[in-house]
Amino acid sequence: MRTMRIGLRHFLFKIKAAETDRCNCDEGSQTPRHILMQCPRYVIPRTKLWEQLWGIGINEMDYDKIVSNPQATRYVVNFMHRTGLLQQFQHVGIEEDDDDEPTGLAAMELGVEDDGY
């Protein structure tokens, strides 16, 4: 995520594997920063992410600091996995919290699959 070389449209467009770099929200390029910090499609799960980050003492919502913090990595990875955007990880299980929350697209409350294209 720090290098931006991840299977989101921004990178896929650069290597000519996608027709556009635009996010489905049409508010920017689909970069890890956009998904993690800005995309309106992920407001609800992002709120949970912020709560988790605050719980480990990260009070500043600075992308570079968050993705560089070893303690935050677990929560960021779970958030990105739950978006369903990174198809290469669709069969990877994530570490479950004790609250039995849904994962995958159900966790995102989108109702439709976002295949990233």
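**View 1. Buried residues of helix H3.** In H3, the buried residues are Pro45, Arg46, Lys48, Leu49, Trp50, Gln52 and Leu53. Buried means under 20% relative accessible area, exposed over 50%, and partly exposed in between (1.4 Å probe, protein chains only). Helices (H or I, at least four residues) and strands (E, at least two) are DSSP runs, numbered from the N terminus. The model is predicted: local features need pLDDT of at least 70, side-chain atom pairs count only at pLDDT 80 or more, and totals for chains, interfaces and linings use all residues. Residues are numbered from 1 along each chain as its sequence is written, and side-chain values use heavy atoms, with hydrogens and water left out.

**View 2. Length and end of H3.** H3 has 13 residues, which at 1.5 Å a residue should span 18 Å. The expected span is 1.5 Å times one less than the number of residues. The end C-alpha atoms of H3 are 18 Å apart, which agrees. Gly57 follows H3 and has a positive phi, near 90°.

**View 3. H3 against H5.** Two packed helices are described by the angle between their axes and the distance between the axes. The axes of H3 (residues 43-55) and H5 (residues 70-83) come within 10 Å and cross at roughly 170°. Axes are lines fitted to C-alpha atoms, for helices over the stretch in contact, and angles run from 0 to 180 degrees between N-to-C directions. H3 and H5 are therefore roughly antiparallel to each other (angles over 145 degrees).

**View 4. Residues between H3 and H5.** From H3, Pro45, Arg46, Lys48, Leu49, Gln52 and Leu53 meet Ala72, Tyr75, Val76, Phe79 and Arg82 of H5. By class, this contact has seven nonpolar, one polar and three charged residues. Ala, Val, Leu, Ile, Met, Phe, Trp, Tyr, Cys and Pro count as nonpolar, Asp, Glu, Lys and Arg as charged, and the others, Gly among them, as polar. Contact means heavy atoms within 4.5 Å.

**View 5. Arg22 in its loop.** Arg22 lies in the loop between helix H1 (9-14) and helix H2 (32-38). Arg22 is partly exposed, with a relative accessible area of 34%. Leaving aside neighbours within four places in sequence, Arg22 is in contact with Arg9, Glu27, Gly28, Ser29 and Gln30. Arg22 and His10 are twelve residues apart in sequence and 7.2 Å apart in space, C-alpha to C-alpha.

**View 6. The whole chain for context.** Of its 117 residues, 39% count as buried.

Note on methods:
Angles under 35 degrees count as roughly parallel, over 145 as roughly antiparallel, 65 to 115 as roughly perpendicular and the rest as oblique.
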